[in-house]
Amino acid sequence: MLKVLGTAQSRAFRVWWALEEMGREYERQIALPQSPEVRTLNPLGQVPVMVDGEEVLTDSLAILNYLADREGALTYSVGTPERARMEARINFVLTEMEAPIWLMARHGFVLPKDQRVEGMRPICEAEFARGEKKFAALLGDAEFLAGDRLTLADIIAGQVIAWARMAKMPLAPESAAYLARMEARPAWQRAGA
Ligand SMILES: N[C@@H](CCC(=O)N[C@@H](CS)C(=O)NCC(=O)O)C(=O)O
């Protein structure tokens, strides 16, 4: 059976959520970044790590693409404009929304104390707010971020906005409403249970 290592607060959640949406059976192994069991599988020590039989896969986006392409779910066919548009939105979320939150987290609690830089929070909050404005413009009145159904773009955006709320960032109304829609999905709830 597929096994995915990580924690609910980590990027492993997005893989668990996608697997729940796909209705795939899998095993969750709670494992902290840089723990011995993670380092054995991933020299970077990062989660998520997915073990699929003999194969060990790392990086949340690589894992999500692998699963979605294999299952023909939560994505569009390779070589179509819909796929390119979905990937553009994923890249946008990762670079303009996830990156500032992750930078803030790194300097807030991830890095060893002597490597943290003071004063990152206001910079990262402002960058995230800029990203949120663009997110609201991309989303418009749509329910989902890339097309008329849930895709990997939502799987990533949903978790990133949930991280922002966890970090007590003030959410724009559009992001808050979008997050509420994602959190109401039974698969999200199962993934976080
Ligand atoms: N690009 C990677 C980043 C993975 C990553 O940084 N994971 C975090 C947890 S969410 C981690 O393990 N950090 C520990 C470290 O970088 O040492 C992905 O999307 O999976």
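Two strands count as paired here if DSSP finds at least two bridges between them. Keep that in mind for the sheet. One caution: this is a predicted model.

So, the sheet. Strand β3, residues 49-52, pairs with β4 in the antiparallel sense, over 4 bridges. Look at the partners. M50 stands opposite L57 in β4. V51 stands opposite V56 in β4. β3 and β4 form a hairpin, with 2 residues between them. In that turn, G53 has a positive phi of about 65°.

Now the other neighbour of β3. β1 and β3 run antiparallel, joined by 3 bridges. There, L5 has V49 in β3 as its bridge partner.

α1 covers residues 12-22, and its partner α3 covers residues 60-71. The angle is about 10°, and the axes are 10 Å apart. Under 35 degrees counts as roughly parallel, so α1 and α3 are roughly parallel to each other. From α1, the contact uses R14, V15, A18, L19 and M22. From α3, it uses S60, I63, L64, L67, A68 and E71. By class, the residues of this α1 and α3 contact are 8 nonpolar, 1 polar and 2 charged.

On to α4, residues 81-110. α4 passes α5 in a left-handed crossing. On the α4 side, the contact is made by R89, E96, M97, P100, I101, L103, M104 and H107. On the α5 side, the residues are M120, R121, C124, E127, F128, G131, K134, F135 and L138. The residues of the contact of α4 with α5 split into 10 nonpolar, 2 polar and 5 charged.

Then α6, residues 152-166. α4 and α6 pack at an angle of about 15°, with axes 9 Å apart. That makes α4 roughly parallel to α6. This crossing is left-handed as well: α4 passes α6 that way. M86, R89, I90, V93, L94, M97, E98 and I101 in α4 meet L152, A153, I156, A157, V160, W163 and A164 in α6. What is the make-up of the contact of α4 with α6? It has 13 nonpolar residues, no polar and 2 charged.

Last item: the ligand. Around the ligand sit S10, R11, P33, Q34, G45, Q46, V47, P48, D59, S60 and L61. By class, that shell has 4 nonpolar, 5 polar and 2 charged residues.

Notes. Residues are numbered from 1 along each chain as its sequence is written. This is a predicted model: local features need pLDDT of at least 70, side-chain atom pairs count only at pLDDT 80 or more; totals for chains, interfaces and linings use all residues. A residue is near a molecule or strand if its C-beta atom, placed from the backbone, lies within 6 Å of it. Ala, Val, Leu, Ile, Met, Phe, Trp, Tyr, Cys and Pro count as nonpolar, Asp, Glu, Lys and Arg as charged, and the others, Gly among them, as polar. A crossing is left-handed if the near helix is turned anticlockwise from the far one by less than a right angle, and right-handed if clockwise. Two residues are in contact if their C-beta atoms, placed from the backbone, lie within 7 Å. Axes are lines fitted to C-alpha atoms, for helices over the stretch in contact, and angles run from 0 to 180 degrees between N-to-C directions. Angles under 35 degrees count as roughly parallel, over 145 as roughly antiparallel, 65 to 115 as roughly perpendicular and the rest as oblique.
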